[in-house]
Amino acid sequence: MKMIMAVVQDKDSGKLASALVKAGYRATKLASTGGFLKAGNTTFMIGTENDKVEDVFRIIRENCKIRDQLVTPVSPVGGTTDSYIPFPVEVQVGGAAVFVIPVERFEHY
Amino acid sequence: MKMIMAVVQDKDSGKLASALVKAGYRATKLASTGGFLKAGNTTFMIGTENDKVEDVFRIIRENCKIRDQLVTPVSPVGGTTDSYIPFPVEVQVGGAAVFVIPVERFEHY
Amino acid sequence: MKMIMAVVQDKDSGKLASALVKAGYRATKLASTGGFLKAGNTTFMIGTENDKVEDVFRIIRENCKIRDQLVTPVSPVGGTTDSYIPFPVEVQVGGAAVFVIPVERFEHY
Ligand code: NI
Ligand code: NI
Ligand code: NI
């Protein structure tokens, strides 16, 4: 038995939760902030059998891929706004920090 | 030293917290949602000596038992409401998922 | 690789977060309540290499020291308020409960 702790971006957490449930894994989401990833994040605590760890990593990789996203800033960072023409910029989103922790005993009632 | 991570239903968490404090254990509650248990849940992080693990499990079992509860739905799931006579239905509440994790070092200041 | 779980008082958490980031550590804050420490608290989850554990403990000790603080109660605990002269009392604040947990595998994307 292992406990997988995965810190992912908030924007990926709904998709990851659905994928884990669909694949039959049981996960708990802990409210968390900052640190491992720049934006708001969520920590998943997933209890799983040893031989399923690889599969959980696959699901996390597929649902929390780092990718570039086009974002259109709503206003200029400085200066006057009258000559401002908004144009999209690329930002990197996604990613995950994943820890596997040994579980010495597991019980559920 | 062990770290016990216990995911329990929100409705059992106050009772469990009191029982743990009364028995002299130190626990931290982490805000958590979904997954191991259907309803809203709370994750307890309990640091304890090895020879107390059994006692902590007993306290969790006693305070988070799975039991049936009568719930009266406030409205019919579908159809018209004029012929609706509310009657209580049994739902299963309670339960806990409990993980014991090794602690290699513990310090408190 | 280790996972350090540190429960600290809310009032020390901003300072600790800054110090960890400045020293190059990656930490996630979990919303938590009660238990190990009397006041509101925050749980830091810090993933680090084995040879950095001592340094993380030092940073926690420096930023979460137990110290006395003068607090002026806003109202008397009982009795009438007309003869009440508020005067500051010393309360102990700060402190931390720190757990080192083994990590069998760590990946980040
Ligand atoms: Ni079962
Ligand atoms: Ni002590
Ligand atoms: Ni890297």
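Modeller: Helices (H or I, at least four residues) and strands (E, at least two) are DSSP runs, numbered from the N terminus. The model is predicted, with local features needing pLDDT of at least 70 and side-chain atom pairs pLDDT 80 or more, while totals for chains, interfaces and linings use all residues. Residues are numbered from 1 along each chain, chains are lettered from A and ligands numbered from 1 as written, and side-chain values use heavy atoms, without hydrogens and water.

Colleague: In which helix of chain B is the place of B:Ser13, and is the residue buried or exposed?

Modeller: B:Ser13 sits in helix α1 (residues 10-22) of chain B. A residue is called buried under 20% relative accessible area, exposed over 50% and partly exposed in between (1.4 Å probe, protein chains only). The relative accessible area of B:Ser13 is 9%, so the answer is helix α1, and B:Ser13 is buried.

Colleague: Which residues is B:Ser13 in contact with, leaving aside its neighbours within four places in sequence?

Modeller: Contact is taken as heavy atoms within 4.5 Å. With neighbours within four places in sequence left aside, the residues in contact with B:Ser13 are B:Val8, B:Lys29, B:Thr42 and B:Phe44.

Colleague: What is the relative accessible area of A:Asp12, and which residues is A:Asp12 in contact with beyond four places in sequence?

Modeller: A:Asp12 belongs to helix α1 (residues 10-22) of chain A. The residue is buried, because its relative accessible area is 0%. Once neighbours within four places in sequence are set aside, A:Asp12 is in contact with A:Asn63, A:Cys64, A:Arg67, A:Gly94 and A:Gly95.

Colleague: Which residue of chain C forms a salt bridge with B:Arg105?

Modeller: A salt bridge here is a side-chain nitrogen of Lys or Arg within 4 Å of a carboxyl oxygen of Asp or Glu. Chain B and chain C have two salt bridges between them. In the one formed by B:Arg105, the closest N and O atoms are 3.0 Å apart, and the partner is C:Glu54.

Colleague: Which element gives the most to the side of chain A that touches chain C?

Modeller: Between chain A and chain C there are two salt bridges, and the side chains of A:Glu54 and C:Arg105 meet in one at 3.0 Å, N to O. Elements that each supply at least two residues to this side of chain A include β1 (2-9), α2 (53-63) and β6 (96-102). With seven residues, the element that gives the most is β6(A).

Colleague: In what sense do β2(A) and β2(C) pair, and which residue of chain C stands opposite A:Ser32?

Modeller: Two strands pair if DSSP finds at least two bridges between them. β2(A) and β2(C) pair over two bridges in the antiparallel sense.

Colleague: Over how many bridges do β2(B) and strand β2 of chain C pair?

Modeller: In this pairing B:Leu30 faces C:Ser32, which lies in β2(C). β2(B) and strand β2 (residues 26-33) of chain C run in the antiparallel sense, and the number of bridges is two.
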